[in-house]
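Keep the picture open as you read.

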Amino acid sequence: MRQRIAELVPSLLAVALALAVSAAVVWLTGSSPLVAFAALLEGAVGSRDSLAEVAVKACPLILTGLAVALSFRAGTWNIGAEGQLLVGALAMAAVAQVGGSMVPRPLALVLGLGAAAAGGALWAAIAAALKLRRGVNEVIATIMLNFIAAALVSYLVQGPLMEQGGRYPQTDALPPEFVLPRLAPYRLHLGVALALLAALVAQFGLFRTRHGFELRAAGLNAVAARLAGIPVERRLFWAFVLSGAFAGLAGGIELSAITRRLYERFSPGWGYTAIAVGLLGRLSPIGVVLAALFFGALDAGSNTMQRTAGVSAVVVYVVHGCVILFLAALERWQRNRSQGT
Amino acid sequence: MPPASDDAVSSTRARATEAPLLAVRGISKRYGRVCALDRVDLDFHGGEVHAIIGENGAGKTTLMRILAGEETADSGDVLLEGQAVALRSPNDARRLGIAMVHQHFALADSMTVVENLALTLTQPGEWRLSRKAIAERVEHWAQATGLQLPPLASPVGELSVGARQRLEILRALIRASRVLILDEPTAVLTPQETEQLFALVRRLRSDGRVVLFISHKLAEVRDLADRVTVLRQGRVVAHAKAPLTDLHELAEAMVGEPQVEWSKPPAQVGEECLRLDGVSTDADAFGTPLRSVSFTVRAGEVFGIAGVDGNGQQELFEVLAGVRPPKSGTLWIRGKSVSPRSPAELLDAGVGLVPPDRRREGLVLEMSVLENFLLHRGTLRRFTRSWGILDWLQARSYARTLVEHYSVRVPDLDSAAATLSGGNQQRLILARELEARPQILVAAHPTRGLDFAATQFVYRTLAGAAQNGAAVVLISTDLEDILTLSDRVAVLYRGQLSPTLIPPIDPLRLGALMSGLEQGTAI
Ligand SMILES: Nc1ncnc2c1ncn2[C@@H]1O[C@H](COP(=O)(O)OP(=O)(O)O)[C@@H](O)[C@H]1O
Ligand SMILES: [Mg+2]
């Protein structure tokens with residue numbers, strides 16, 4: 001337990017430092033950091049409404065953050081959560097288009113979200129297969145696949161999947177059967193619960209099962225894992241595929257619960273923020289949830305901050321960037337310190 | 001132009017050797033509750049090799065790190081030529097001509113040999129240095145020291161340990177005009193490399209430097225040292241001067257209790273367990289391919305494979321571990337031919353592995369002690385319940401029993417394996433492998449870097465495994481390992497296995513078989 005808490009220290013420190021830097025930035029632009037942060041906090045946790053909003057914003061970050069955590073744990077760098085998320089949303093949109101109102105709601109949701117997960121998994125599997133079969137660096141492959149996915153969405157929403165009547169480059173609104181139910185009068189939806197469930201499953205899988213153990217061992221030291229008889233390549237492949245499924249699910253849920261339509265700028269870069277989320281969450285599923293909530297709160301609060309304090313919402317990107325920088329620096333520093341003996 | 005230090009050498013040589021060149025007074029250092037050094041007083045004279053010996057954890061490295069400016073003492077002084085000096089950083093040490101070769105390498109693996117040397121070869125105030133100029137300086141120093149260097153453009157990560165160490169030594173030598181510290185340098189070296197190193201150290205001594213030589217191998221200390229200091233639990237417990245006659249006394253001072261001589265009981269040989277028939281492997285850029293290697297190992301015996309490192313040991317281990325499929329030849333396990341494509345198949349066939357590099361191949365250092373006990377296919381399977389769920393409770397009590405049974409000293413089961421000393425890491429690996437009840441145990445360099453007590457433990461454990469009916473393959477470059485444990489011995493030389501020798505083994509015959517190298521290519 002003490003170790004668990006000790007592991008939180010770098011994350012908390014990174015957040016504190018990042019907030020300090022952004023406070024300085026706010027101050028330099030001539031506003032009061034105090035007022036700005038008060039507005040940010042107000043916007044994030046000031047009311048039940050805003051709390052629900054934080055959860056909603058955190059939802060895709062939890063799932064893509066899990067995707068990142070899972071693949072990084074296996075020692076592979078899936079930078080492709082963005083593309084996998086888009087393909088997931090695309091798969092769900094396509095299933096909804098075909099299924100229409102013929103299927104009853106629970107089945108429609110299972111089919112749609114299943115398709116989303118499968119789409120993301122498939123997109124990730126391409127990169128994993130390229131890596132294992134051809135030795136293609138997965139970072140490059142996944143980044144390329146991100147571009148391809150974006151282009152694919154762009155083409156489809158302007159062509160085959162464009163809404164009936166064809167005014168905007170977007171798909172038809174999902175039939176109501178494919179829409180995730182709300183949990184409260186706010187925008188809180190069932191997808192948030194699904195994301196939390198996914199985190200619990202991932203946590204259990206990683207730390208309580210044999211496959212999870214093998215995956216972590218393979219990620220930390222492939223040579224030793226292989227000598228212990230662990231099928232390193234196979235673990236790696238499935239970690240990657242599962243990672244893609246999480247990201248795909250994120251896309252499906254967002255489409256189903258929030259936007260209901262797929263369009264070109266569907267994702268504001270969740271798949272990239274996910275990397276910060278995963279690292280800040282120290283690659284642990286529970287940590288990812290906490291980190292996602294933090295980023296969700298920043299996102300939700302930034303609008304209020306812009307409105308009431310007059311400080312540009314862009315400041316939160318300073319926080320994003322600084323968090324990663326400080327985490328990397330702290331990690332380095334910690335490693336150097338522990339190398340005494 | 002040869003960089004640095006030549007003047008410094010001659011000035012120290014001119015000085016009389018009566019007064020100590022370097023001395024420490026009342027040095028203490030604590031790490032939390034551990035008292036690593038307790039009021040240590042020592043004098044080191046120029047022109048002498050001063051050996052510091054002691055078991056793992058005795059505080060040797062800590063003392064050296066203080067001298068090298070990498071660690072600061074809680075109290076006490078360091079005196080250089082009678083003057084107290086401030087050693088607040090490695091730069092201070094460098095300025096004073098003190099340099100250290102670390103026990104664990106401190107090279108950048110992905111960079112090349114030249115790149116690793118570049119920084120050291122650059123003098124203060126020098127901003128640019130061409131690749132060619134560096135190469136020339138490396139050449140100069142290699143010649144001045146007589147060290148054989150690997151190809152300058154090869155990445156350090158791909159070099160053998162011996163070659164990597166030569167690089168480290170060269171790097172330290174360039175800086176060490178007064179004091180050269182070698183922290184357990186022979187732990188990773190072959191006998192030949194050790195001889196080369198000793199010759200070099202003797203030459204350096206005659207230049208008037210202080211050479212601090214850390215070891216726990218008494219025979220080496222006897223061959224090399226002018227003075228010996230024994231550390232135990234942070235205190236100086238004994239001194240000795242050359243010639244060293246009673247090594248036994250030193251061993252007892254080191255361990256703190258009387259040492260009983262131990263020798264392996266004779267083998268009760270059973271049926272054939274493992275046979276290699278004309279096994280050859282593909283050549284790759286580094287290392288030596290096996291050429292038609294054949295041997296048989298029977299239950300209950302230890303088959304020792306001696307040889308100088310780099311003669312195919314790594315390849316042989318990899319074949320026996322199932323990570324390197326032979327190009328030709330057959331592997332028989334208890335009468336069945338196997339052609340493993342992964343370690344899993346061999347593990348299932350009853351093979352246990354003690355890998356050559358325990359930190360890299362034997363353990364996942366970041367994982368806990370408990371998790372490392374599970375790092376074996378068979379053991380994992382044993383603690384897997386339905387739905388693939390691991391039974392941590394059972395696993396924990398299993399690990400606890402092993403810790404006790406094999407006296408692995410661990411802070412607790414949840415601390416990272418990295419926090420264990422080398423000896424305890426090896427105990428962990430041995431415990432894990434033996435508890436999986438292998439019929440064939442392949443142990444490569446099992447005592448590398450281990451101290452006296454830990455080495456004895458490894459000997460007893462391996463002999464015990466054989467007595468319990470395992471066929472033990474012992475691959476080692478350490479002749480003491482081979483001679484202590486083996487029931488039969490063969491020598492690996494340039495990928496070929498010599499005829500089998502049976503005890504009593506004439507070390508000279510063994511040496512002759514191993515040393516075709518002296519005329520050949522030493523890499
Ligand atoms: N950086 C450190 N942090 C905590 N404990 C340390 C550190 N370095 C050494 N120690 C402890 O100090 C003692 C002496 O260690 P060391 O000098 O490495 O021994 P030796 O080199 O003789 O094997 C050991 O108990 C070791 O665990
Ligand atoms: Mg040491």
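## Two strands side by side

Strand β11 (residues 272-280) of chain B is joined to β12(B) by 5 bridges, and the two run antiparallel. To find a spot where they face each other, look for L274(B): opposite stands V297(B) in β12(B). Please keep in mind that this is a predicted model.

## The whole sheet

Now zoom out from that pair. The strands belong to an open sheet of 4 strands in chain B, with the order β12-β11-β14-β15 and antiparallel pairing. At the edges you will find β12 (293-298) and β15 (336-338) of chain B, each pairing on one side only. From one strand to the next, the twist averages 20°.

A helix joins the picture here. Helix α10 (residues 313-321) of chain B packs on the sheet, where it touches β11, β12 and β14 (328-333) of chain B. The direction of α10 makes about 125° with that of β11(B).

## Two helices in chain A

Next, turn to chain A. How do the axes of helix α4 (residues 81-99) and helix α11 (residues 270-280) of chain A cross? They come within 7 Å and cross at roughly 135°, so α4(A) and α11(A) are oblique to each other. The crossing in which α4(A) passes α11(A) is right-handed.

Which residues meet there? From α4(A) come A81(A), E82(A) and L85(A), and they meet W270(A), G271(A) and Y272(A) in α11(A). Sorted by class, this contact of α4(A) with α11(A) has 4 nonpolar, 1 polar and 1 charged residues.

Methods: Residues are numbered from 1 along each chain as its sequence is written. Chains are lettered from A and ligands numbered from 1 in the order in which they are written. This is a predicted model: local features need pLDDT of at least 70, side-chain atom pairs count only at pLDDT 80 or more; totals for chains, interfaces and linings use all residues. Side-chain values use heavy atoms; hydrogens and water are left out. Axes are lines fitted to C-alpha atoms, for helices over the stretch in contact, and angles run from 0 to 180 degrees between N-to-C directions. Angles under 35 degrees count as roughly parallel, over 145 as roughly antiparallel, 65 to 115 as roughly perpendicular and the rest as oblique. A crossing is left-handed if the near helix is turned anticlockwise from the far one by less than a right angle, and right-handed if clockwise. Contact means heavy atoms within 4.5 Å. Ala, Val, Leu, Ile, Met, Phe, Trp, Tyr, Cys and Pro count as nonpolar, Asp, Glu, Lys and Arg as charged, and the others, Gly among them, as polar. Two strands pair if DSSP finds at least two bridges between them.
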